[in-house]
Amino acid sequence: MLKLLPATDRHHAAPVNWLSSYFLFSFADYYDPQNLHFGPLRVFNDDTIQGNAGFPQHPHSEMEIVTLVLDGELTHADTMGNKSTIKKGEVQRMTAGTGLAHSEQNATDKPAHIYQLWFIPNQKGLSPSYEQKDVDFLDKKNELVPLVSGQKVLEDVVYMNSNTTIYWCNLAEGKTVTFKTFPIRNTFIYVKEGTLYINGVDIGPNDQVRSTDENVLEIQASKDAQFILIDLPGSEANY
């Protein structure tokens, strides 16, 4: 089954004047007991952070946190001693594990657009860790590009402690990509821009699709499109 959630179903939050965020799952002041997670995917926030502003240091634990920078840049600092700037086309993974704190600041004058995703890890009590990589995913065309994965057989990707793989695709109008999975797996798609036609369903900008029993997804771009696709376990157990 393909479940289409239109863009209007997202929860919009603007708690401060420098942040505009769309929550795809329950988060902060948004709570929906029917929308807590999708398999181990617990948080998906579509954030725009204005220049010279950002999140002050705050704690995390027992979560895999992935950040994709779609535009602009973000400066990260944490209690492990890491300090780095994540630029457009780069991917960051932070294993919160037994506990850490970090800050995220946009030190430029231009807005930064990011996706931040939190996953329930495949085991508790992990040591906190950090990885960042320039995957250059915004320039590759007409293919599903793996960005982050718990599968160590994949090369040139960021590793995460979850039986999950995150892909990005820039699909030209009229082109098709096919994604195959297994009955025990879920697939999550979120469209950044453009329109898609997936197994008979039209998908527009900022719409999301949650698939629980479609083993093959035929994804065609009705208009030049960019989207994220996540292949993940069907349960929080994450194996």
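I started at Ile189, whose bridge partner in β20 is Leu229.

Before going on, I wrote down what I am looking at. This is a predicted model, where local features need pLDDT of at least 70 and side-chain atom pairs count only at pLDDT 80 or more, while totals for chains, interfaces and linings use all residues. Residues are numbered from 1 along each chain as its sequence is written, and side-chain values use heavy atoms, with hydrogens and water left out.

**Around β17**

Next I checked the partners of β17. Strands count as paired if DSSP finds at least two bridges between them. β17 runs antiparallel to β20, with 12 bridges joining the two. I also found four bridges to β19 (residues 208–211), again antiparallel. There, Ile189 has Val209 as its bridge partner. β18 (residues 201–203) is joined to β17 by three bridges and runs antiparallel to it; Tyr197 sits opposite Asp202 of β18. β17 and β18 make a hairpin with two residues between them, and Asn199 in that turn has a positive phi of about 45 degrees.

Is β17 enclosed or open? I get 10 buried residues out of its 14, so β17 is largely enclosed by the rest of the structure. Buried means under 20% relative accessible area, exposed means over 50%, and partly exposed is in between (1.4 Å probe, protein chains only).

**The cores**

I then looked for nonpolar cores, meaning sets of buried Ala, Val, Leu, Ile, Met, Phe, Trp, Tyr and Cys residues joined through side-chain atoms within 4.5 Å. The largest has 27 residues, and Phe44, Leu147, Phe188, Ile228 and Ile230 touch the most other members. Strands supplying at least two residues each to this core include β4 (41–49), β17 (185–198) and β20 (216–233).

I traced an open sheet of seven strands in the order β2-β3-β4-β11-β6-β9-β12, with antiparallel pairing. Its edge strands are β2 (11–13) and β12 (129–134), each pairing on one side only. β9 (residues 90–95) and β12 run antiparallel and are joined by six bridges, with Val91 opposite Lys133.

**Glu73**

I found Glu73 in strand β7 (residues 73–78). Its relative accessibility is 24%, so Glu73 is partly exposed. Not counting residues up to four places away in sequence, Glu73 touches Thr85, Ile86, Lys87, Asn106, Thr108 and Ala112.

**What the record says**

Last, I looked at UniProt; its positions are in the numbering used here, feature names are shortened, and annotations may be inferred rather than shown by experiment. An unreviewed entry puts "domain: Pirin N-terminal" at residues 16–118. I get 0% helix and 59% strand over that span. The unreviewed entry's "domain: Quercetin 2,3-dioxygenase C-terminal cupin" covers residues 155–232, where I get 0% helix and 67% strand, with the end C-alpha atoms 18 Å apart.

Technical notes
Contact = heavy atoms within 4.5 Å.
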